[in-house]
Amino acid sequence: MKGQTAIVTGGAKGIGKAIALGLAKKGCNIVINYNSSSVAAEETAKEIRELGVEALCVQANVSNSEDCKKLFEEALTLTGKVEILVNNAGITRDGLALRMSDEDFDAVVKTNLYGTFYCMREAYKLMLKAKYGRIISLTSVVGLHGNAGQANYSASKAGIIGLTKSMAKELAAKKVTINAVAPGFIDTDMTAAMNENAKTAAIASIPTKRMGSVEDIANTVAFLASEEASYITGQVISVDGGMSM
Ligand code: NAP
């Protein structure tokens, strides 16, 4: 993976930052996409450069297809190529489906599912031409099993699984592998908002009895991005302490 270039959407913080650092430790140059976290993105870029590889921060709202085109154009200024795309950017707007507004449904599906598709479509063009590539998208255990209060989020994450399998079939013969990682309950800003009782109940339901770390996810993404994973495509790998057994 040394000398390859990876784009990590939402790479400034949380799971995305751990993925960016994990790939940088393997020798990849990193394009950190962010939407609003410009300061965190620059701090992550600094940590990445200290590992002896290149880093570039690019602002783009992945829910906008023009922004995704611009993200790839700017990414190409780093090394002229992109071998790895990690679709990590994601949001939640939880609530019962009965009361869910059009805006909350649209925002989550636009960011999580459309954003993943827009970036995959840009990567498709480059990877088809290069006859090589790795695309890894962050889905979720709730995309596999559903969750009360997360109809919008679950639908967006289930949609990512469909995209992954369909595009994996389109590109398999071109040495482009496309997989998804389904985290369980990971300690980040996204889960920090939960109240303590809900958190305790969630941890009790995990067979390993602990929340996952951002590194648990980053390690799996780095493996799927590697040469060792070249015979794995169209798969959803759950990294959830056994939650979905
Ligand atoms: P987080 O800490 O809330 O970070 C979300 C990231 O997504 C931020 O870097 C944010 O960037 C970026 N983002 C959001 N909207 C964006 C947009 N429109 N354009 C570009 N970037 C955007 O979340 P996390 O916990 O690290 O989650 C990362 C991924 O893992 C998500 O896809 C999430 O659904 C998935 N996941 C997380 C868990 C968990 O337990 N934490 C479980 C299952 C799946 P800005 O701050 O710049 O907006």
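Cys-57 is buried, with a relative accessible area of 16%, where buried means under 20% relative accessible area, exposed over 50% and partly exposed in between (1.4 Å probe, protein chains only). Cys-68 is likewise buried, at a relative accessible area of 1%. The model is predicted: local features need pLDDT of at least 70 and side-chain atom pairs count only at pLDDT 80 or more, whereas totals for chains, interfaces and linings use all residues. Residues are numbered from 1 along each chain as its sequence is written, and side-chain values use heavy atoms, with hydrogens and water left out.

A disulfide is a covalent bond between the sulfur atoms of two cysteines; the criterion applied here is a pair of cysteine sulfur atoms within 2.5 Å. A search of the whole structure finds zero disulfides. For Cys-57, the nearest cysteine sulfur, that of Cys-119, is 16 Å away. For Cys-68, the nearest cysteine sulfur is also that of Cys-119, at 3.7 Å.

An unreviewed UniProt entry lists several residues under "binding site", among them Asn-61, Asn-88, Tyr-153 and Lys-157; UniProt positions follow the numbering used here, feature names are shortened, and annotations may be inferred rather than shown by experiment. The listed residues are spread over 126 residues of sequence and, in space, up to 23.6 Å between C-alpha atoms.

Asn-61 is found in the loop between β3 (55-59) and α3 (65-79), the helices (H or I, at least four residues) and strands (E, at least two) being DSSP runs numbered from the N terminus. Asn-61 is partly exposed, with a relative accessible area of 26%. Beyond its neighbours within four places in sequence, Asn-61 is in contact (heavy atoms within 4.5 Å) with Asn-35 and Asp-67. Asn-88, in the loop between β4 (84-87) and α4 (102-130), is buried, with a relative accessible area of 12%. Residues up to four places away in sequence aside, Asn-88 touches Val-8, Thr-9, Gly-10, Ile-15, Gly-16, Ile-19 and Leu-138.

The ligand is surrounded by 30 residues, the closest being Ser-36, Ser-37, Asn-88, Tyr-153 and Thr-188; a residue is near a molecule if one of its heavy atoms lies within 4 Å of it. A nitrogen atom of the ligand is 2.8 Å from an N or O atom in the side chain of Asn-61, and an oxygen atom of the ligand lies 2.5 Å from a polar side-chain atom of Tyr-153. Of the 890 Å² of accessible area that the ligand has on its own, the protein covers 93%, as computed by the Shrake-Rupley method with a 1.4 Å probe. The most is given to the shell around the ligand by α7, with three residues.

Methods. A polar contact is a pair of N or O atoms within 3.5 Å; within protein, one must be able to donate a hydrogen and the other to accept it, and residues adjacent in sequence count only if both atoms are side-chain atoms.
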